[in-house]
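Please look at the sequence and the structure shown here with an eye to the aromatic side chains and their surroundings.

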Amino acid sequence: MRAFIIGFCLFAAGTPVQADYVSPWSFGGTVGYDVPAGGSVVTSANSSSIVLSTLNPSFAGTGVIRLRGIGYRDAYDPARRATFEVRYAVSEYTELFGAFSYSQANGKALGVGCIVVAAACTDTIRGQFSDSRQMGLEVGYRQWLDLALFGQTVMPYLSVRGGVLKSDAIHAFLRTPTGALGRWRLYDDAYSYVLGADVGATIGVFPNAEIGAEVGIRYQTALKEIDTDFGALGLSEINSESERFSIPVSVRLNAVF
């Protein structure tokens with residue numbers, strides 16, 4: 001990400017804008033983090049009573065799998081996120097933009113529940129979640145505020161956006177201290193919709209470039225469920241609440257070429 005910012009700044013600095021021409025077209029990019037704020041990867045649930053040896057030959061007797069609710073904040077680190085924008089100025093203070101985004105979040109290993117035998121938790125279940133990767137296309141509207149700060153060097157703005165995200169499949173590998181429960185596929189590769197809004201400000205650093213910071217909020221619709229690996233256990237609803245909210249925090253660079 002640091003190399004992206006430095007390279008973009010150097011490129012912008014080397015392409016000055018002619019004084020007698022101002023193009024309505026420009027470009028922008030952001031790098032930062034997408035912080036989970038709401039939504040569940042797994043919801044709390046109890047399985048039906050099962051013969052434990054069907055899960056792993058080393059298990060004996062009958063019991064129930066008890067899972068606790070796991071949110072995106074529990075299962076994933078904040079996602080590293082980058083975007084590239086093509087911008088078109090409608091007026092002095094308004095613009096339309098199209099953006100491509102890419103994000104990746106590392107999955108965590110954590111306790112997700114236990115096996116209950118005779119009303120007591122006998123084996124803790126730990127899950128390792130796979131990494132989450134997403135690519136997206138968005139369109140949006142940005143309103144620059146007619147409120148220049150510090151001698152018109154700092155310019156605040158508001159923006160709204162919407163688009164489509166392509167999410168990679170998500171799975172979790174579950175195990176207990178005495179044996180593995182295997183890989184449970186939770187979500188398939190799928191497309192979902194995203195809506196969001198941002199607030200930020202930029203400051204001019206070159207005649208044709210500016211840098212700034214922004215913070216926003218995003219809502220993403222549900223992922224595509226897979227119940228094959230655990231539906232027969234009476235756990236088909238554990239992946240039914242995958243809509244999510246997140247808070248992107250980014251550094252922005254805008255440039256005219």
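The model is a predicted one, and the structure holds six aromatic pairs. One of these is formed by Tyr76 and Phe129, whose ring centres are 6.4 Å apart and whose planes stand at 55°, so the pair is tilted, given that planes have to be over 60 degrees apart to count as edge-to-face and under 30 degrees to count as stacked. Tyr76 belongs to the loop between helix H2 (72-75) and strand E7 (79-89), while Phe129 belongs to strand E10 (residues 120-129), and the pair therefore ties together parts that are 53 residues apart in sequence. With a relative accessibility of 4%, Tyr76 counts as buried, and Phe129, with 3%, counts as buried too, because the term applies under 20%.

On the surface, a nonpolar patch is formed by Trp25, Phe84, Val86, Tyr88, Val90, Leu96, Tyr141 and Val160, which together have about 720 Å² of accessible area. Strand E7 gives the most to this patch, with three residues. Tyr141, one of the patch residues, lies in strand E11 (residues 132-144), and its relative accessibility of 34% means that Tyr141 counts as partly exposed.

Conventions
Residues are numbered from 1 along each chain as its sequence is written. This is a predicted model: local features need pLDDT of at least 70, side-chain atom pairs count only at pLDDT 80 or more; totals for chains, interfaces and linings use all residues. Side-chain values use heavy atoms; hydrogens and water are left out. Rings of Phe, Tyr and Trp (its six-membered ring) pair if their centres lie within 6.5 Å; planes under 30 degrees apart count as stacked, over 60 as edge-to-face and the rest as tilted. Helices (H or I, at least four residues) and strands (E, at least two) are DSSP runs, numbered from the N terminus. Buried means under 20% relative accessible area, exposed over 50%, partly exposed in between (1.4 Å probe, protein chains only). Patches are made of residues with over 30% relative accessible area and no salt bridge: like charges are joined within 9 Å, nonpolar side chains (Val, Leu, Ile, Met, Phe, Trp, Tyr) within 5 Å. Accessible areas come from the Shrake-Rupley method with a 1.4 Å probe; for residues, only the protein chains shown count as cover. A salt bridge is a side-chain nitrogen of Lys or Arg within 4 Å of a carboxyl oxygen of Asp or Glu.
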